[in-house]
Amino acid sequence: MNRPQVVIVGGGFGGLAAARKLDGKPVDVLLLDARNYHLFTPLLYQVATALLNPSDIAYPLRMRFRRSPNVRFRQALVDSIDLDGRSVVLAGGEHVPYDYLVLASGSANNYFRNEKLASATLGMKTLEGALALRNHVLSSLELAANEPDEQERRRLLTFVVVGGGPTGVEYAGALAELLKVVLGRDYPTLRPEDARIVVVEGRNRLLEALPARLSRY
(Lines give C-alpha, C1' and ligand atoms only; values in the text may rest on other atoms or scores of the structure.)
Protein backbone atom coordinates (compact mmCIF):
# COMPACT_ATOMS: atom_id res chain seq x y z
CA MET A 1 0.00 0.00 0.00
CA ASN A 2 2.96 2.31 0.61
CA ARG A 3 4.69 1.70 -2.70
CA PRO A 4 5.47 4.74 -4.85
CA GLN A 5 2.70 5.65 -7.29
CA VAL A 6 3.99 6.34 -10.82
CA VAL A 7 1.73 7.95 -13.39
CA ILE A 8 2.80 7.87 -17.04
CA VAL A 9 0.99 10.20 -19.44
CA GLY A 10 1.18 8.90 -23.00
CA GLY A 11 1.32 5.41 -24.48
CA GLY A 12 3.69 6.19 -27.33
CA PHE A 13 7.31 5.08 -27.58
CA GLY A 14 8.48 7.05 -24.52
CA GLY A 15 5.59 6.15 -22.25
CA LEU A 16 5.56 2.51 -23.31
CA ALA A 17 9.32 2.19 -22.76
CA ALA A 18 8.98 3.67 -19.26
CA ALA A 19 6.11 1.35 -18.36
CA ARG A 20 8.00 -1.69 -19.64
CA LYS A 21 11.08 -0.68 -17.66
CA LEU A 22 9.01 -0.43 -14.46
CA ASP A 23 7.10 -3.66 -15.10
CA GLY A 24 7.70 -5.97 -12.14
CA LYS A 25 9.47 -3.31 -10.06
CA PRO A 26 8.35 -2.35 -6.50
CA VAL A 27 6.15 0.54 -7.70
CA ASP A 28 2.55 0.87 -8.85
CA VAL A 29 2.28 2.24 -12.38
CA LEU A 30 -0.74 3.80 -14.05
CA LEU A 31 -0.39 4.41 -17.78
CA LEU A 32 -2.78 7.05 -19.17
CA ASP A 33 -3.56 7.67 -22.82
CA ALA A 34 -6.48 9.10 -24.77
CA ARG A 35 -6.35 6.00 -27.00
CA ASN A 36 -6.23 2.41 -25.85
CA TYR A 37 -3.52 1.31 -28.25
CA HIS A 38 0.15 1.92 -28.95
CA LEU A 39 0.73 3.23 -32.47
CA PHE A 40 3.88 2.32 -34.40
CA THR A 41 4.14 5.70 -36.06
CA PRO A 42 7.09 4.95 -38.39
CA LEU A 43 4.74 2.84 -40.52
CA LEU A 44 1.85 5.31 -40.62
CA TYR A 45 2.77 6.21 -44.20
CA GLN A 46 2.06 2.63 -45.26
CA VAL A 47 -1.45 2.82 -43.80
CA ALA A 48 -1.89 6.15 -45.57
CA THR A 49 -1.08 4.46 -48.88
CA ALA A 50 -3.20 1.33 -48.28
CA LEU A 51 -0.12 -0.92 -48.09
CA LEU A 52 -0.90 -1.90 -44.46
CA ASN A 53 -4.08 -2.24 -42.45
CA PRO A 54 -4.52 -0.11 -39.29
CA SER A 55 -4.44 -3.23 -37.10
CA ASP A 56 -0.93 -3.97 -38.37
CA ILE A 57 0.53 -0.96 -36.55
CA ALA A 58 -1.86 -0.49 -33.59
CA TYR A 59 -1.32 -2.73 -30.55
CA PRO A 60 -3.72 -2.77 -27.55
CA LEU A 61 -2.01 -1.39 -24.45
CA ARG A 62 -4.10 -3.52 -22.10
CA MET A 63 -2.94 -6.65 -23.88
CA ARG A 64 0.71 -5.65 -23.46
CA PHE A 65 0.36 -5.43 -19.67
CA ARG A 66 -2.24 -8.14 -19.20
CA ARG A 67 0.08 -10.23 -17.01
CA SER A 68 1.90 -7.39 -15.33
CA PRO A 69 1.72 -7.45 -11.52
CA ASN A 70 2.02 -3.68 -11.15
CA VAL A 71 1.30 -1.83 -14.43
CA ARG A 72 -2.28 -0.81 -15.16
CA PHE A 73 -3.71 1.10 -18.11
CA ARG A 74 -6.54 3.61 -18.16
CA GLN A 75 -7.97 5.34 -21.20
CA ALA A 76 -8.33 9.00 -20.26
CA LEU A 77 -7.66 12.47 -21.57
CA VAL A 78 -5.35 14.56 -19.41
CA ASP A 79 -6.42 18.18 -18.98
CA SER A 80 -3.64 19.57 -16.76
CA ILE A 81 -1.09 18.83 -14.05
CA ASP A 82 -1.51 20.04 -10.46
CA LEU A 83 2.14 20.31 -9.47
CA ASP A 84 1.44 21.59 -5.95
CA GLY A 85 -1.10 18.87 -5.27
CA ARG A 86 0.98 16.24 -7.07
CA SER A 87 -1.90 15.00 -9.18
CA VAL A 88 -2.90 14.63 -12.82
CA VAL A 89 -6.19 16.33 -13.66
CA LEU A 90 -8.32 14.40 -16.14
CA ALA A 91 -10.72 15.97 -18.61
CA GLY A 92 -13.72 15.23 -16.38
CA GLY A 93 -12.11 16.94 -13.39
CA GLU A 94 -10.90 13.82 -11.56
CA HIS A 95 -7.51 14.09 -9.83
CA VAL A 96 -5.12 11.13 -10.08
CA PRO A 97 -2.39 11.36 -7.40
CA TYR A 98 1.22 10.50 -8.10
CA ASP A 99 4.58 10.27 -6.39
CA TYR A 100 6.45 10.28 -9.69
CA LEU A 101 5.17 11.63 -13.00
CA VAL A 102 6.37 10.77 -16.49
CA LEU A 103 5.13 13.09 -19.25
CA ALA A 104 5.40 11.45 -22.67
CA SER A 105 2.39 12.93 -24.40
CA GLY A 106 3.89 13.05 -27.89
CA SER A 107 4.22 15.80 -30.46
CA ALA A 108 2.13 17.92 -32.79
CA ASN A 109 2.48 18.95 -36.41
CA ASN A 110 4.92 21.83 -36.94
CA TYR A 111 3.73 24.22 -39.65
CA PHE A 112 6.79 26.48 -39.30
CA ARG A 113 4.74 29.61 -38.52
CA ASN A 114 2.43 28.98 -41.49
CA GLU A 115 -0.66 28.00 -39.53
CA LYS A 116 -2.92 28.42 -42.57
CA LEU A 117 -1.59 25.06 -43.70
CA ALA A 118 -3.32 23.41 -40.75
CA SER A 119 -6.76 23.93 -42.33
CA ALA A 120 -5.65 23.21 -45.90
CA THR A 121 -3.59 20.02 -45.50
CA LEU A 122 -3.95 16.46 -44.24
CA GLY A 123 -1.51 15.60 -41.45
CA MET A 124 -0.08 12.17 -40.65
CA LYS A 125 0.53 12.02 -36.90
CA THR A 126 -2.39 9.77 -35.94
CA LEU A 127 -4.11 6.67 -37.22
CA GLU A 128 -7.19 8.76 -37.99
CA GLY A 129 -5.05 11.17 -40.01
CA ALA A 130 -3.42 8.37 -42.00
CA LEU A 131 -6.83 6.85 -42.80
CA ALA A 132 -8.18 10.24 -43.86
CA LEU A 133 -5.19 10.66 -46.17
CA ARG A 134 -5.67 7.18 -47.64
CA ASN A 135 -9.37 7.82 -48.23
CA HIS A 136 -8.58 11.17 -49.85
CA VAL A 137 -6.13 9.58 -52.30
CA LEU A 138 -8.52 6.77 -53.21
CA SER A 139 -11.38 9.24 -53.62
CA SER A 140 -9.22 11.35 -55.92
CA LEU A 141 -8.54 8.29 -58.08
CA GLU A 142 -12.26 7.48 -58.27
CA LEU A 143 -13.08 11.05 -59.29
CA ALA A 144 -10.28 11.11 -61.85
CA ALA A 145 -11.44 7.83 -63.38
CA ASN A 146 -14.81 9.42 -64.18
CA GLU A 147 -13.56 12.88 -65.14
CA PRO A 148 -13.81 13.64 -68.89
CA ASP A 149 -11.89 16.93 -68.70
CA GLU A 150 -8.17 16.24 -69.07
CA GLN A 151 -7.01 19.30 -67.14
CA GLU A 152 -9.25 18.52 -64.17
CA ARG A 153 -8.17 14.89 -64.30
CA ARG A 154 -4.51 15.90 -64.09
CA ARG A 155 -5.34 18.11 -61.11
CA LEU A 156 -6.99 15.19 -59.34
CA LEU A 157 -3.93 13.05 -60.04
CA THR A 158 -1.44 15.62 -58.67
CA PHE A 159 -0.36 14.96 -55.09
CA VAL A 160 1.75 17.48 -53.15
CA VAL A 161 3.80 16.33 -50.14
CA VAL A 162 5.05 19.15 -47.90
CA GLY A 163 8.28 18.22 -46.15
CA GLY A 164 11.31 16.41 -47.51
CA GLY A 165 12.29 14.64 -44.31
CA PRO A 166 12.07 10.88 -43.73
CA THR A 167 8.27 10.84 -43.46
CA GLY A 168 7.68 12.97 -46.54
CA VAL A 169 10.12 10.99 -48.66
CA GLU A 170 8.81 7.63 -47.43
CA TYR A 171 5.22 8.66 -48.10
CA ALA A 172 6.03 9.97 -51.57
CA GLY A 173 7.79 6.69 -52.42
CA ALA A 174 4.97 4.55 -51.07
CA LEU A 175 2.40 6.65 -52.92
CA ALA A 176 4.36 6.17 -56.15
CA GLU A 177 4.32 2.40 -55.52
CA LEU A 178 0.56 2.44 -54.99
CA LEU A 179 -0.13 4.46 -58.13
CA LYS A 180 2.15 2.24 -60.19
CA VAL A 181 0.17 -0.82 -59.07
CA VAL A 182 -3.40 0.45 -59.42
CA LEU A 183 -3.31 2.87 -62.34
CA GLY A 184 -3.91 1.05 -65.60
CA ARG A 185 -5.08 -2.07 -63.76
CA ASP A 186 -7.70 -1.28 -61.13
CA TYR A 187 -8.28 2.02 -62.95
CA PRO A 188 -7.91 1.05 -66.63
CA THR A 189 -8.82 4.55 -67.86
CA LEU A 190 -5.92 6.10 -65.92
CA ARG A 191 -2.28 5.69 -66.91
CA PRO A 192 0.59 5.68 -64.39
CA GLU A 193 2.25 8.51 -66.32
CA ASP A 194 -0.83 10.68 -65.75
CA ALA A 195 -0.09 10.90 -62.00
CA ARG A 196 2.28 13.48 -60.55
CA ILE A 197 3.84 13.59 -57.07
CA VAL A 198 5.49 16.84 -55.95
CA VAL A 199 7.66 16.98 -52.81
CA VAL A 200 8.06 20.52 -51.44
CA GLU A 201 11.04 21.15 -49.16
CA GLY A 202 12.28 24.48 -47.80
CA ARG A 203 15.93 23.42 -47.58
CA ASN A 204 18.24 22.86 -50.53
CA ARG A 205 18.05 19.06 -50.47
CA LEU A 206 15.89 16.19 -49.25
CA LEU A 207 16.76 14.16 -46.14
CA GLU A 208 19.17 16.81 -44.89
CA ALA A 209 19.98 14.77 -41.78
CA LEU A 210 21.56 12.07 -43.95
CA PRO A 211 24.88 12.27 -45.81
CA ALA A 212 24.70 14.16 -49.11
CA ARG A 213 25.31 10.99 -51.12
CA LEU A 214 22.25 9.26 -49.65
CA SER A 215 20.24 12.45 -49.97
CA ARG A 216 20.97 12.62 -53.72
CA TYR A 217 20.11 8.95 -54.12
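Which residue just after α1 takes a positive phi? G24 does, at about 85°.

Some ground rules. This is a predicted model, where local features need pLDDT of at least 70 and side-chain atom pairs count only at pLDDT 80 or more, while totals for chains, interfaces and linings use all residues. Residues are numbered from 1 along each chain as its sequence is written, and side-chain values use heavy atoms, with hydrogens and water left out.

Now α1 itself, residues 13-22. Helices (H or I, at least four residues) and strands (E, at least two) are DSSP runs, numbered from the N terminus. G15, L16, A18 and A19 of α1 are buried, meaning under 20% relative accessible area with a 1.4 Å probe, protein chains only. These residues lie on the same side of α1 because they cover an arc of only 160° around the axis, taken from the directions from the helix axis to the C-beta atoms. The buried residues of α1 pack against several elements, including β1 (5-9), β2 (28-33) and β5 (71-75).

Next, the cores. A nonpolar core is a set of buried Ala, Val, Leu, Ile, Met, Phe, Trp, Tyr and Cys residues joined through side-chain atoms within 4.5 Å. The largest has 30 residues, and M124, L141, Y171 and L183 have the most contacts inside it. Helix α7 (166-182) is among the elements that each supply at least two residues, and its seven are the largest share. Another core, of 12 residues, lies apart from this one and includes V6 and V27.

Last, V160. This residue sits in strand β10 and counts as exposed because its relative accessibility is 53%, the cut-off being over 50%.

How values were computed: Contact = heavy atoms within 4.5 Å.
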